[in-house]
Every structure is written in C-alpha cells, then in structure tokens.
Amino acid sequence: MLATDTKSLSEVKSSNGQEPANLTDGLTDGLTDGLTDGLTDGFHLVVDALKLNEVETIYGVAGIPITDLARLAQAEGIRYIGFRHEGSAGNAAAITGFLTRKPGICLTVSAPGFLNGLVALANATTNGFPMIQISGSSDREIIDLQQGDYEELDQMNAAKPYTKAAFRVNKPEDIGIGIARAIRAAVSGRPGGVYLDLTAAVLGTQFDADAGEKSLVRVVDPSPRQIPAPESIQKALDLLAGAKKPLIILGKGAAYAQADKDIRSFIEQTGIPFLPMSMAKGLLPDNHPQSAAAARSLVLGQADVVMLIGARLNWLLDHGKAPKWSATASFVQIDISATEIDSNRPINAPIVADIGSAMSALLEALHAGQIQPRTVWIKAIEERKQQNFERMAARLNANPSPMNFSSALRAIRDVLSDRPDIYVVNEGANTLDFARDIIDMHEPRKRLDSGTWGVMGIGMGYAIGAAVSSGKPVVAIEGDSAFGFSGMELETICRYSLPIVVIVFNNGGIYHGDDVNFSGGADPSPTTLMKDARYDRLIEAFGGVGHHVVNPPELTDALKEALASGKPALINCVIDPAAGTESGHIGNLNPTTKIGK
Ligand code: ADP
Ligand code: TPW
Ligand code: MG
C-alpha cells in the first residue's frame with residue numbers, strides 16, 4: 001500500500017465509518033472504535049505491541065510508509081522524537097538502550113532512510129547496546145523481482161551482516177511475535193542491534209481486532225540471568241589469591257550490567273587496583289584511591305593476574321599482547337558471551353555469566369583476606385600516579401593563548417566537578433583523548449563516547465538520547481570535525497528544548513587546523529576545516545543561545561550560564577589550530593607514506 005501519508009491515515013479512519021474531529025482525536029478514536037468495529041490494522045498492532053512491552057520513546061524520521069505509525073505512537077502516549085537524519089535517531093536509540101537496558105527504538109523509512117539508520121544500528125551491535133531499528137519497506141513482490149518500486153531495497157538481507165538479528169513481518173498477525181523476537185534478540189546475552197522490517201502492506205492491512213489483540217506478546221524476562229558455574233568462580237578466586245600484582249579492568253559491559261554496588265564491593269574488599277575503560281569511568285569515582293588510571297602503562301605492563309569485567313581485549317587494550325602487556329600475565333574474564341573468551345589471548349579462568357550474577361557469586365565465595373595485592377605493587381602504582389598527576393597539573397595550569405585542549409578542559413572540569421549528575425558526551429580525536437583523561441567521572445554510565453569503533457557522528461544523537469531518557473542535563477564536548485557529522489540536530493535539540501550544552505573545540509580541522517595543501521594550490525588541505533568558523537551562530541538560528549569564547553574564564557562563565565539556564569546552548573571554544581596531533585593519541589594506528597607527499 002503506497003498511498004500518500006495522509007491518505008493512509010484517512011483510510012484507517014474511514015474503516016471506522018467516522019470523520020475524526022481532529023487528527024489526534026481521530027487516531028485515539030481510531031484505536032478504540034476500531035476495536036468496537038471489530039477491526040484493527042498493522043499500525044495499531046505495532047503501537048499496541050510496543051506499549052505492551054513498555055516502550056516509552058521512539059526516535060525517528062517520518063515518511064512513507066511509517067508516518068502514520070509515528071503519529072499513532074504519539075497519540076497513544078509513546079514519546080516520539082523526530083530527527084533531521086536517521087543516523088542521529090539511531091544513535092539516540094542506541095544510547096537509550098545502553099542507559100536503560102531496554103532496547104532503544106529507531107523508526108526509519110524505506111531504502112535510504114533505512115540505510116542512514118543502519119550505520120547507527122551496526123555501531124550499536126559493535127558496542128553491545130540493545131537497539132531495534134524498525135523500518136517500513138516497499139512491496140515485497142516488486143522488490144524481489146527488482147521491478148523498480150519506490151525506495152526499493154531488500155532491507156532485511158542488507159541489515160543481516162551488521163546486526164545481531166534481522167526479521168521481517170509479512171503478516172499483520174505476526175507483528176506481536178516479530179516485536180517479541182526483536183526485543184529478546186536485542187537484550188539477551190550480549191546486547192546488540194536488531195533490525196525489524198515492516199512492509200507497507202503489513203502496516204496498512206486491516207485485521208480482526210480480537211485476533212489482533214490475542215496475537216500480541218508481552219516478553220517475559222527478556223534478559224534472563226546467566227548464573228556462573230561455581231567452579232569457574234572458585235578458579236578465578238584461586239588465581240587472584242595467588243597474585244602479587246593483580247589488576248581489574250572495568251569495561252562498558254560492567255557499566256551496562258548495573259551491578260555497581262557489587263563491583264565496588266569486590267574491588268574494595270580485595271583492594272585490587274582497577275582501570276576503567278572510557279565508558280566505565282565513574283563506575284567507581286575516578287578519584288577513588290584504588291583507581292590506577294593515572295598509572296595505566298605501568299599496570300598493563302606489570303600486572304601478573306588481570307581480571308576483565310565486561311571488557312574485550314580488542315584494539316583499545318592492545319589485544320592484551322606484549323609489549324604493552326606482560327607476556328606472562330594470567331587472565332580472569334567475566335563475559336556473558338562465551339565466544340569472547342580466548343579471542344585474543346588465552347584466558348586462564350573464564351567466568352561465562354552475566355556480571356551481576358558473577359559479582360554476587362564472587363562476593364559470596366570470597367573469604368576475608370583471601371586476596372591481597374602486595375604492598376610494593378600498591379606503592380609502585382601510587383608513585384607513578386603522583387608523578388603523572390604532577391605532569392598533568394603542569395599542563396592543566398598553563399595558560400596559553402589561544403587555549404589548548406588542556407587549558408580549555410581544565411575550565412570544563414572545574415565547572416563539572418560539583419555536577420556529577422551531568423552526562424558527558426564526547427567525540428573527536430584530540431578532543432576525545434584529552435577529555436577522557438582530564439574530565440573525572442563520579443557516577444556510573446555518565447560518560448558516553450565514540451566507543452569501540454572510535455566513530456564520529458554519535459554526538460548529538462547520544463546527547464539527545466541521554467537527555468530524553470534521563471531528563472538530566474548533558475554536556476557534549478565535540479571536536480569541530482566530529483560535531484559536523486550530526487550538527488543539524490541542533491534544530492532537534494532546540495525544537496524539543498532539551499537541556500543540552502554543546503561545546504565545540506574549534507581548532508579549525510580534523511586533528512589540527514594548520515595543515516597545508518602539499519600541491520601548493522588554493523584548496524584547503526584534507527584535514528582543514530573553515531578557519532574562524534562561528535558554530536555558536538548555528539544554534540542561534542533555532543532560538544538557542546550561542547557563546548563564543550577565547551580563554552578559560554570566558555569558557556567557565558559561558559558553561560555556568562548555559563547550565564543554569566537549562567536551555568539549549570552551544571559554546572564555540574577557540575583552540576590553537578596547532579595544538580592537536582594527527583589522530584590524537586592513536587597516531588600509532590595511522591599509516592603514513594614514507595615516499596614523500
Ligand atoms: P570496553 O570498550 O569498555 O572495553 P567492550 O565493549 O569491549 O568494553 O566489552 C564489553 C563486554 O561486556 C562485551 O564482551 C560484552 O559481551 C560484555 N557484556 C555486556 N553486558 C554484559 C553483562 N550484563 N554481563 C556480562 N558481560 C556483559
Ligand atoms: C564516521 C575518522 C577520526 S577522528 C576525526 C575523524 C574524521 C575527527 C577529528 O577531528 P575533530 O577533533 O573532531 O575536530 P580534534 O580535536 O582532533 O581536532 N568518519 C567516521 N568516523 C571516523 N572515526 C572518521 C571518519 C576520524
Ligand atoms: Mg578539530
């Protein structure tokens with residue numbers, strides 16, 4: 001059914017034999033009267049199924065064939081947040097999944113809208129965030145014969161390689177089971193992105209209301225506990241008990257698990273130093289005495305027994321290999337995904353379980369004094385931390401003009417230090433690396449960043465998802481390049497009047513703003529962005545407040561004012577174009593030509 005959007009709405013209504021007084025009334029009447037008339041349709045069944053499973057928010061971009069679905073969801077009390085690009089809607093859904101442990105929902109139109117959303121869905125899968133992308137699709141028969149339908153694409157099969165699961169609903173009576181399967185696939189085991197294809201025909205088809213209601217499924221216990229084998233707990237404790245230089249690494253799986261109290265308890269009872277991965281910062285406060293973050297290279301290089309809690313040994317941890325790591329270290333790994341074990345390095349004591357169950361089993365089996373890191377280990381870490389704190393303080397307290405990353409971040413850190421409730425979204429290269437090291441987090445799941453892929457473009461989507469799902473303020477610290485990937489969502493932020501402050505670290509480029517065109521021609525270099533761009537003026541176009549700052553006191557004032565207002569704001573923060581380094585802190589991964597440019 002490829003009627004225009006308004007036509008399809010009136011088709012649904014006319015089935016009730018009533019003219020709605022206005023759109024919203026009509027939709028509400030349509031739902032209840034449809035039932036008394038004995039008829040429902042795919043649109044209504046999708047909304048009913050989502051409501052039955054306590055979906056509170058849909059993030060999307062409207063158009064054929066899902067416009068009425070968005071309208072109906074809104075009319076029925078699901079919050080609908082309309083975006084300017086599906087990538088950002090998808091990112092908002094993904095981060096909502098991470099924060100709430102329920103799948104975030106992204107709604108997209110067929111073919112191009114679907115593909116725009118797919119990057120975010122793939123990113124959710126890569127990061128282990130539960131998300132469902134629901135997309136309308138065109139006529140199956142025409143797609144399969146490639147006869148050139150409006151927005152023709154075999155979406156389900158396109159989605160498969162990038163998702164945890166991909167389903168298509170071909171009959172309205174299967175909507176309930178399709179949504180149930182999508183929810184369960186998204187949140188069970190290692191969470192991930194799930195694609196759910198709804199054909200235009202399924203959405204528009206009318207169906208017996210009683211049978212429709214009976215076809216809906218309320219998912220029971222979608223992410224069941226995965227209890228660890230007792231012997232795996234014992235083995236892990238034995239290994240840790242024999243350690244001289246133990247270390248715990250907390251990853252975003254540990255943050256996702258929401259087992260905050262037990263994780264902290266285990267760390268404090270054992271006295272083991274811990275290192276948080278970037279999105280696990282704040283699980284224990286960054287200023288906790290056992291944090292080894294400021295002695296990272298020392299602890300990675302010297303630990304003899306390492307316990308990974310919800311962290312993969314991927315590139316972010318140098319694959320667990322020498323020279324960054326000791327070649328002789330033994331490993332404990334807690335992960336819900338059995339196939340993660342031994343992925344990069346042999347794991348001596350795997351605990352395949354959900355982290356909540358694993359931590360409580362560990363705490364239960366742990367005897368007082370059983371695990372005791374050697375004093376020399378703790379002292380060595382403490383000394384390295386002090387050295388590094390001093391080095392960092394020197395950089396933070398310098399006051400170069402123009403600002404560099406450290407001096408700007410010092411100002412932000414000081415404003416945020418008494419606002420642990422604020423979410424920090426962060427992307428960029430230098431902007432990401434410096435902010436991760438300088439901005440301390442004090443509460444779990446408050447830092448949201450480029451994650452496993454190091455992807456650009458999550459900024460505004462994550463900020464909107466966090467603000468909408470939590471009702472709390474968000475500060476997004478963005479490289480000027482990073483911001484550009486989702487910058488148009490400033491309009492979305494202003495339209496919904498969300499408490500989001502965007503700080504653009506404007507160094508005029510990808511990595512830095514002083515690169516040259518080796519041809520000697522007039523075009524800017526590949527990494528150069530507009531010099532002296534005024535990003536603050538963008539938000540003013542939508543009624544938000546723009547600030548332009550060139551030194552730390554101005555930045556402090558602007559941020560304080562923006563946070564006090566609770567309104568959308570953007571601070572254009574001028575950073576020395578020469579301050580950044582190529583690829584930030586991962587220049588080692590950047591191949592360069594040795595032959596001359
Ligand atoms: P980081 O990037 O912070 O190091 P990763 O995303 O690489 O973290 O790793 C997270 C790991 O946590 C994944 O291997 C995932 O399977 C695991 N995980 C996610 N949720 C849970 C959970 N509830 N219980 C156990 N493991 C989990
Ligand atoms: C989807 C490649 C990594 S970091 C970056 C790009 C384009 C931008 C760095 O500049 P920025 O930060 O944000 O101004 P700063 O402080 O160093 O100047 N496309 C995608 N993802 C990635 N990671 C890239 C390109 C990249
Ligand atoms: Mg930049």
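Asp318 is placed in the loop between β11 and β12, where helices (H or I, at least four residues) and strands (E, at least two) are DSSP runs numbered from the N terminus. The phi angle of Asp318 is near 50 degrees, a positive value in a residue other than glycine. Because its relative accessibility is 23%, Asp318 counts as partly exposed; buried means under 20% relative accessible area, exposed over 50%, and partly exposed in between (1.4 Å probe, protein chains only). The loop between β11 (305-309) and β12 (330-335) also holds Pro323, and a cis peptide bond with omega of about 5 degrees joins Ala322 and Pro323.

The model is predicted: local features need pLDDT of at least 70, side-chain atom pairs count only at pLDDT 80 or more, and totals for chains, interfaces and linings use all residues. Residues are numbered from 1 along each chain as its sequence is written, chains are lettered from A and ligands numbered from 1 in the order in which they are written, and side-chain values use heavy atoms, with hydrogens and water left out.

Ser583 belongs to the segment after β19 (569-574) and is buried, since its relative accessible area is 9%.

The protein chain as a whole contains 24 helices and 19 strands. Of its 597 residues, 55% count as buried. The C-alpha trace spans about 80 × 65 × 50 Å along its principal axes. Among contacts (heavy atoms within 4.5 Å) between residues at least 6 apart in sequence, 75% join residues at least 24 apart.

Helix α19 (residues 430-438) is mostly covered, with 7 of its 9 residues buried. Among these buried residues are Leu432, Phe434 and Ile438. Their cover includes the helices α17 (375-397) and α18 (405-416), together with the strands β14 (423-427), β15 (447-449), β16 (474-479) and β17 (500-506).

The magnesium ion (ligand 3) is coordinated at 2.1 Å by Asp480 (OD), Asn507 (OD1) and Gly509 (O). Donors are N, O and S atoms within 2.8 Å of the metal (3.2 Å for Na, K and Ca); water is not among the atoms, so sites may look incomplete. Along the chain, the donors of this magnesium ion follow the spacing D-x26-N-x1-G. Both Asn507 and Gly509 are buried.
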